[in-house]
Amino acid sequence: MKYLLLINADTVDEAGKPPGCEPADWMAYDKEVKEAGIFVSGESLADLVTATSVRVDAAGKRTVTDGPFAETREVLGGFYVIDVPDLDAALDWAARCPGSRDGSITVRPVADF
Amino acid sequence: MESVEAVFREEHGRLLAALVRRYGDLDLAEEVTSEAIEAALRHWPAEGVPPKPGAWLMTTARRKAVDRLRRDQVLAARLAVLQVEADRAGPVPAPEFGAELPDERLQLFFTCAHPALAAEDRIALTLRCLGGLTTPEVARAFLVPTETMAKRITRAKKKIREARIPFRVPGADELPDRLPVVLQAIYSIFTEGYAAQRPDLAEEAIRLTRILHRLLPSEREIPGLLALMLLVHARREARDGGLLLLAEQDRARWDRAMIDEGRDLVVVALTGGPPGPYGVQAAIAALHDEAPDFAQTDWPQIVALYDVLLALTPSPVVALNRAAAVAMRDGPQAGLDLLDSLAGEPLLRGHHPYLAARADLLDRLGRPGEARQAYEAALGQAGTEPERALLRRRLDTL
């Protein structure tokens, strides 16, 4: 079963990096996920200030805006999709992710159609 | 037909758990469990209760499940997938007939109380799946419309199915994190039983804890919780169906057998390692139950136990209870000083037991005007009618 781990980083510091964990932590975790044979996909996102939103209304008119701006202290920093047997296994991997230490990981099953 | 009722009560959770384990589908297991019980209700009154009612119910439920799976292609496809996974995970033990059925209820306890479910859904599911209460009964227990409760139970089952919350007992390394959630779900059933004056719910919580204790005999917080509930439930008759303070209760009406059982369990809960919060709360309840009257309660020991509890689970409510015990040990002024030092706690703002405790101490210090004010403030915050009746009674004695 595939699960999406949404990595919500706590507010970034001046350097634009989430505080608390080092790039080495992320590299180690990435290696673990790939070596465990559960990695489906995953990306780290560029800084939130580079995000742009697009919306198309009923008339087909396109609106492009800067943002979104986080309403909470946490911002979406990246994601993993992993393939593990059940929710407990997915929660274990989420707990090991460095992002769970200075932010939170939302775990969502990928719908199977 | 009382014996039939007793059989259903005992067998419902066990049967459901075994079927969930076998088919990996809570909905299917629930449906065939009720169908098997309906079939028993038709046959047993005429033919008598079979010698092995559990095995009879299991055979019937499995037949119903097979029929249903044949009819339902979607379920059948899902079953095929589950079967492949089960084979990979190792053989599923087939239920033995004649011999005692394997007990899978432990897995169901941990599934129903999984921390990925909303706290109120855990309690509802535990009552529904392990207590065997119907959805309208669960709804009544929590004073919500049946439709609301049905939606909540459906949502929780959907999450178990679609997020794939596994039916399993956590490993020894995870148990310390997961067991408190199971115990909290059961304790909430018990406290709800008290708040709603539903002794049947309190008894159900005690029954479920007994099962849990049999299944996990070495986890000492389970006898701790069981002891706590027995020691509190033992006083139910003396509460006169309402709220009577410990000091006002007729101790002759306390259930001595239940107190003795609770005291023995406290010893189990506190022996052989650092105590857990339920064990300590049970020890406090035991000291209350052992005292011949309120004045002769062992207050120094109770204060010492609250110190332990405060270290284990620091909370303003525990500090409030500790202050009340200090007032009994060292006099009302000492208690009042402690209460006033807690005045800034956001959790205690508008907390009517805090206001009532303050009122009581002011009364004992001979400050009736301030006591009256505090009681009136408490009355304005109190939630239930029995609570308000108690406070009005206290006001009248000023």
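Predicted model: local features only at pLDDT ≥ 70, side-chain atom pairs only at ≥ 80, totals over all residues.
The interface is formed by 8 residues of chain A, which are in contact with 9 residues of chain B. Between them the two chains bury about 700 Å², and 53% of that area lies on carbon and sulfur atoms. On the side of chain A, the residues that lose the most area to chain B are A:M1, A:L87 and A:D88, which together account for 62% of what that side buries.

Between chain A and chain B, 6 residue pairs are in polar contact, with both residues at pLDDT 80 or more. The rule finds 2 salt bridges across the interface. A salt bridge joins the side chains of A:D88 and B:R168, with an N to O distance of 2.7 Å. Helix α2 (residues 87-96) of chain A supplies the largest share of the side of chain A that touches chain B, namely 3 residues. By residue class, that side divides into 6 nonpolar, no polar and 2 charged residues.

Side chains of opposite charge can pair when their charged atoms come close. Within chain A, the side chains of A:K34 and A:D30 meet in a salt bridge at 2.7 Å, N to O. Because A:K34 and A:D30 are 4 residues apart in helix α1 (residues 23-35) of chain A, they are separated by about one helical turn.

Two packed helices are described by the angle between their axes and the distance between the axes. Helix α12 (residues 256-270) and helix α13 (residues 277-290), both of chain B, pack at an angle of about 140°, their axes lying 9 Å apart. The crossing of α12(B) and α13(B) is left-handed. Residues of α12(B), including B:I259, B:V266 and B:L270, meet residues of α13(B), among them B:V280, B:A283 and B:A286. The residues of this contact comprise 8 nonpolar, 1 polar and 4 charged.

Two details of the backbone complete the account. In chain A, the peptide bond from A:G67 to A:P68 is cis, with omega near 10°. A:P68 is found in the loop between β4 (62-66) and β5 (75-83) of chain A. In chain B, phi of B:L143 is near 50°, a positive value in a residue other than glycine. B:L143 lies in the loop that runs between α7 (135-141) and α8 (146-162) of chain B.

Technical notes:
Residues numbered from 1 in each chain as written. Chains lettered and ligands numbered in written order. Heavy atoms only, no water. Axes fitted to C-alpha atoms, helices over the stretch in contact; angles between N-to-C directions. Helix = DSSP H or I, 4+ residues; strand = E, 2+ residues; numbered from the N terminus. Left-handed = near helix turned anticlockwise from the far one by under 90°. Contact = heavy atoms within 4.5 Å. Nonpolar A, V, L, I, M, F, W, Y, C, P; charged D, E, K, R; others polar. Buried area = accessible area lost by both parts, 1.4 Å probe. Salt bridge = Lys/Arg side-chain N within 4 Å of Asp/Glu carboxyl O. Polar contact = N/O pair within 3.5 Å; in protein donor to acceptor, adjacent residues only side chain to side chain.
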